[in-house]
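Have the coordinates open and follow along.

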Amino acid sequence: MTRDGSWLLANINVTGYYRVNYDHGNWESLLAQLHSEHQVIPVINRAQLVDDAFNLARARMVSNTLALNTTLYLSVETQYMPWQSALDNLDYYYLMLDRTEVYPHMQAH
C-alpha cells in the first residue's frame with residue numbers, strides 16, 4: 001500500500017512472467033477496489049490478481065480466504081479472463097476437497 005493509503009498494482013498489463021504478492025493492506029485495498037469499481041484495474045490484471053492469489057495460497061504464502069475473496073466481486077464482472085482465471089483455480093480446489101467435509105462449503109461459495 002502506498003503512503004497515502006491507496007493501492008499499488010504491480011506488473012501492469014502482465015508484461016512480466018511472475019507472480020505478485022502484496023502486503024495484507026494492499027491486498028485488502030485491491031479487493032475493495034474490485035468491489036467498488038473493478039474496471040479501474042485492467043482486465044488482464046483482474047485475472048492476474050485472482051490467479052496470483054490462488055497460486056500464492058497453494059504455496060501457503062497467503063490465506064485461502066484471501067484467494068477466495070478475490071472471486072467475490074465476480075458477480076459484476078462481465079469480461080471472460082477474470083472468470084476463466086477463477087474457474088480454473090476453483091477447479092483445483094474442487095478436486096482437492098472432493099469427498100471432504102469442506103466440499104459442501106466450497107460448492108456454496
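A polar contact here is a pair of N or O atoms within 3.5 Å, where, within protein, one must be able to donate a hydrogen and the other to accept it. Keep that in mind for what follows, and remember that this is a predicted model.

Start in helix 4, where you'll find Asn-89. The side chain of Asn-89 makes a polar contact with the side chain of Arg-58, at 2.8 Å. Is Asn-89 buried or exposed? Its relative accessibility is 3%, so Asn-89 counts as buried, the cut-off for that being under 20%. Skipping neighbours within four places in sequence, Asn-89 is in contact with Val-50, Asp-51, Phe-54, Asn-55 and Arg-58. And if you'd like a sense of scale, jump back 83 residues along the chain to Ser-6: the C-alpha atoms of Ser-6 and Asn-89 are 28 Å apart.

Now zoom out to the helix pair. Helix 2 covers residues 43-58 and helix 4 covers residues 80-97, and the two pack with their axes 7 Å apart at an angle of about 15°. Angles under 35 degrees count as roughly parallel, so helix 2 and helix 4 are roughly parallel to each other. Their crossing is right-handed. Who makes the contact? On the helix 2 side it's Val-43, Ile-44, Arg-46, Ala-47, Val-50, Asp-51, Phe-54, Asn-55, Ala-57 and Arg-58. Helix 4 answers with Met-81, Pro-82, Ser-85, Ala-86, Asn-89, Leu-90, Tyr-92 and Tyr-93. Sorted by class, that contact has twelve nonpolar, three polar and three charged residues.

Next stop is another asparagine, Asn-11, in the segment before helix 1 (24-37). With 7% relative accessibility, Asn-11 counts as buried. The side chain of Asn-11 reaches two backbone nitrogens: that of Thr-15 at 3.0 Å and that of Gly-16 at 2.8 Å. Leaving out neighbours within four places in sequence, Asn-11 touches Gly-16, Tyr-18, Val-20, Asn-45 and Gln-48.

Which other spot is worth a phi check? Arg-60 also has phi near 60°, again positive in a residue other than glycine. Arg-60 lies in the loop between helix 2 and helix 3 (64-69). At 79% relative accessibility, Arg-60 counts as exposed.

One loop is left, the one between helix 1 and helix 2, and that's where His-38 has its place. His-38 counts as buried, with a relative accessibility of 6%. Beyond its neighbours within four places in sequence, His-38 is in contact with Gln-33, Arg-46, Tyr-73, Val-76 and Glu-77.

Here are the accessibilities side by side:

| Residue | Relative accessibility | Class |
|---|---|---|
| Asn-89 | 3% | buried |
| His-38 | 6% | buried |
| Asn-11 | 7% | buried |
| Arg-60 | 79% | exposed |

Conventions:
Residues are numbered from 1 along each chain as its sequence is written. This is a predicted model: local features need pLDDT of at least 70, side-chain atom pairs count only at pLDDT 80 or more; totals for chains, interfaces and linings use all residues. Side-chain values use heavy atoms; hydrogens and water are left out. Helices (H or I, at least four residues) and strands (E, at least two) are DSSP runs, numbered from the N terminus. Buried means under 20% relative accessible area, exposed over 50%, partly exposed in between (1.4 Å probe, protein chains only). Contact means heavy atoms within 4.5 Å. Axes are lines fitted to C-alpha atoms, for helices over the stretch in contact, and angles run from 0 to 180 degrees between N-to-C directions. Angles under 35 degrees count as roughly parallel, over 145 as roughly antiparallel, 65 to 115 as roughly perpendicular and the rest as oblique. A crossing is left-handed if the near helix is turned anticlockwise from the far one by less than a right angle, and right-handed if clockwise. Ala, Val, Leu, Ile, Met, Phe, Trp, Tyr, Cys and Pro count as nonpolar, Asp, Glu, Lys and Arg as charged, and the others, Gly among them, as polar.
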